[in-house]
Amino acid sequence: MLRRIAAVILSLAVVSHAQEHWIFLDNGKVRIGVNMDAGGSIGWFSRTQSGENFLNSFDHGRYVQQSWYGDADGSDWNGKPWRYNPVQGGSWKGVPATVLKSSATATTIGVVTRPRQWASGNEVPDMVFEETITLDGGLARLKFRMKYSGVKSHEPRHQELPAVFVSPRCDTLVFCEAGQPAWKNEPLTRKQPGFPNESVKFSERWAAWVDPAGQGIGIWFPHTDLATTYRVRNGNAGDCSYIAPIGKFALTPGFEFEYEAALAIGTVEEIRAAFAVLAAEKPAPPSP
């Protein structure tokens, strides 16, 4: 399965934001925050001067973050055999990844992270994650890069590009499904995914999670037209809504991958309009 189901691990201690080291950007329209005690993962996105966060930082497996997959390596996740799985936030037991370098200006946050294995908690010496965040009006523009310096060649796996966990109050996924005319004034697909993962293919490379009031958060992913998604509904703090744009890649010596994405908040109409501008500026490449 593509994603650690951290939502069901309710024994983890959850540290309040006041006890963690967060860095925020705010341009007067939106506010974004990264948790330096979770590898610089993105855990806050809201309107300026609003306490209504649209992201989910319940544990180190949530957030918006990089996560890559390789072959089985004998590791164990809570009694389940696992695989090579470097994660930006840290391990399932809450051991944070190591921030190697960070920078912050009035407009940009940059983070370089040495990830940890999700299952074992070991630091991953042969992989480095880079992340750059810039606010652009109501958008958060994101750039990610992964560098693999290991000597082992792994089999091709579906990779999360990136993993996105949003507030559980956002329970409906809205998107333009493959087969629907792109960027036309026609009804979009709305669904409430179940569990476990299900795949979605898009004609427009974005999707939004929205709450019952019609407000939500969207992610634009020009690098792929495929995603995996699920929602956990247990009626407790572990509930989550998740989506990850995916591409299939093998981790081989010297492999690097760079991509960009964007976040927007508002109504579906507002989110789609913002992403339509981005799509017009950057034609979509072939899906990996």
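D211 sits in the loop between β16 and β17, where helices (H or I, at least four residues) and strands (E, at least two) are DSSP runs numbered from the N terminus. Setting aside neighbours within four places in sequence, D211 is in contact with R169, C170 and D171, contact being heavy atoms within 4.5 Å. At 9% relative accessibility, D211 counts as buried; buried means under 20% relative accessible area, exposed over 50%, and partly exposed in between (1.4 Å probe, protein chains only). From F129, 82 residues away along the chain, D211 is separated by 31 Å between C-alpha atoms.

A word on the model: it is predicted, so local features need pLDDT of at least 70 and side-chain atom pairs count only at pLDDT 80 or more, while totals for chains, interfaces and linings use all residues. Residues are numbered from 1 along each chain as its sequence is written, and side-chain values use heavy atoms, with hydrogens and water left out.

**The whole chain**

The chain has one helix and 20 strands. Its C-alpha trace spans about 50 × 40 × 40 Å along the principal axes. For 288 residues, a compact globule would have a radius of gyration near 19 Å, and the chain's 18 Å agrees with that; the radius is taken over C-alpha atoms, and the globule rule is 2.2 Å times the number of residues to the power 0.38. Of the 288 residues, 55% count as buried. Among contacts with a separation of 6 or more, 64% come from residues 24 or more positions apart.

**Cores**

Which residues touch the most other members of the largest nonpolar core? They are I32, I42, F45, W68, M127, L142 and I243, out of 48 residues in that core. A nonpolar core here is a set of buried Ala, Val, Leu, Ile, Met, Phe, Trp, Tyr and Cys residues joined through side-chain atoms within 4.5 Å. Not counting residues up to four places away in sequence, I42 touches I32, G33, V34, L55, Y63, V64, E131, I133, L142 and F144. A second, separate core has twelve residues, including W206, V210, I271 and F275.

**The helix**

Helix α1 covers residues 268-281, and at 1.5 Å a residue its 14 residues should span 20 Å; the end C-alpha atoms are 20 Å apart, which agrees. That expected span is 1.5 Å times one less than the number of residues. Its buried residues are V268, I271, R272, F275 and L278. They cover an arc of only 120° around the axis, so they lie on the same side of α1; the arc is that of the directions from the helix axis to the C-beta atoms. On the other side of α1, E269, A280 and E281 are exposed. The buried residues of α1 pack against β12 (139-148), β14 (172-177), β15 (189-191), β16 (198-210), β17 (215-220) and β20 (256-267).

**Around β19 and β13**

Nine of the ten residues of strand β19 (residues 240-249) are buried, so β19 is largely enclosed by the rest of the structure. Strand β13 is mostly covered too, with eight of its ten residues buried. The pairings below need at least two bridges found by DSSP between two strands.

| Strands | Sense | Bridges |
|---|---|---|
| β13 (residues 157-166) and β19 | antiparallel | seven bridges |
| β18 (residues 226-232) and β19 | antiparallel | six bridges |
| β4 (residues 64-67) and β13 | antiparallel | three bridges |

V232 stands opposite C240 in β19, while the bridge partner of V64 in β13 is V164.

Most residues other than glycine have a negative phi, and most peptide bonds are trans. The peptide bond from L161 to P162 is cis, with omega near -5°, and P162 lies in strand β13. The bond from F195 to P196 is cis as well, with omega near 10°; P196 lies in the loop between β15 and β16.

Y63 is not a glycine, yet has a positive phi of about 70°. Y63 is found in the loop between β3 (41-47) and β4, and is buried with a relative accessible area of 2%. W183, also not a glycine, has a positive phi of about 55°. W183 is found in the loop between β14 and β15, and at 35% relative accessibility counts as partly exposed.
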